[in-house]
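Hello,

My notes follow below it.

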Amino acid sequence: MPELPEVETIVRELAREVAGQTIDAVRVSRRDIIHGDPRPLGRIVPGRKIERIRRRAKRIILDLNPPAELVFHLGMSGRLDLAKAEEPAPKHTHVRLGLRETGAELRFRDPRRFGGVWCFTPDGKSRGRRLSELGPEPLALTTRRFADLLNRSRQVKALLLDQRTIAGLGNIYVDESLHAAGIHPLTRADMLDQDEARTLLRAIKTTLRKAIRFKGTTFMSYRRADGSTGMFLEHLRVYQRDGAPCQTCGTPIERLSAAGRSTFICPRCQPAI
């Protein structure tokens, strides 16, 4: 699933191309992935201008004028691409938004359909799946606020993956951040002292910013807005590197299970408490 750096990369790249354009036409091939306002999308968004494109957690949000929001969640395999209208739409393309000024199309496709599109309008009517509540953005957290969030008797990895606690983190960047901070993922969050909390928050922010700089991590389905891959894969220090030597101490990286997810650690750099 694309995480914060991947979604931020897509948003930044699309913003240069679509902000200020007007949605001219809408094509929907699967109505079951559309949620929010119960009216057909083709009756709501044509003629509205894309004022801004932004990210919230792992979601891509188009702020429209007259006021409305289009929210795209990429799920496990979703993509939001900009393409020429005359180009054939790939299989599993569920929504196509034509852009008046350039004639291009913004296309949402999702083979596994774990993602979706939400349309919110001022009248507040809604149907279909609801979007879950979100915690604060990790890059905006203060040390004090982060320490408060950690004050719970849960494994630290499980807590960091909980989008209601902190929004945008996923398996890749939690593993990388815990390794950088020297913290074992099974450690109880409320057992971390103030210095450890400060170190972990610094590691999270540093890891995310570096991943954004390298345009995210591509293993399988994630692609940037232009179809190219992210370049952070070669900078991973533990994630999916089990058996390889730790780049800090040389100890073989191990795989274990934490929060129901495959988890990668250096047993020397991240000793169990």
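Contact here means heavy atoms within 4.5 Å. The model is predicted.

By that contact criterion, L4, P5, E8, T9 and R12 of helix 1 meet L208, A211 and I212 of helix 6. The residues of this contact comprise five nonpolar, one polar and two charged. Helix 1 covers residues 4-18 and helix 6 covers residues 194-213. Their axes come within 9 Å and cross at roughly 40°. Angles from 65 to 115 degrees count as roughly perpendicular and those under 35 as roughly parallel, so helix 1 and helix 6 are oblique to each other. Their crossing is right-handed.

Next, G98. This residue lies in strand 7, residues 93-99. G98 has 13% relative accessibility, so it counts as buried. What does G98 touch, leaving aside its neighbours within four places in sequence? The contacts are T22, I23, D24, A25, A104 and E105. Take D24: G98 and D24 are 74 residues apart in sequence, yet 5.3 Å apart in space, C-alpha to C-alpha.

Last, the cysteines. C246 counts as buried, at 5% relative accessibility. C249 is partly exposed, with a relative accessible area of 28%.

Best wishes

How values were computed: Residues numbered from 1 in each chain as written. Predicted model: local features only at pLDDT ≥ 70, side-chain atom pairs only at ≥ 80, totals over all residues. Heavy atoms only, no water. Helix = DSSP H or I, 4+ residues; strand = E, 2+ residues; numbered from the N terminus. Buried < 20%, exposed > 50% of the residue type's maximum accessible area, 1.4 Å probe, protein only. Axes fitted to C-alpha atoms, helices over the stretch in contact; angles between N-to-C directions. Parallel < 35°, antiparallel > 145°, perpendicular 65-115°, else oblique. Left-handed = near helix turned anticlockwise from the far one by under 90°. Nonpolar A, V, L, I, M, F, W, Y, C, P; charged D, E, K, R; others polar.
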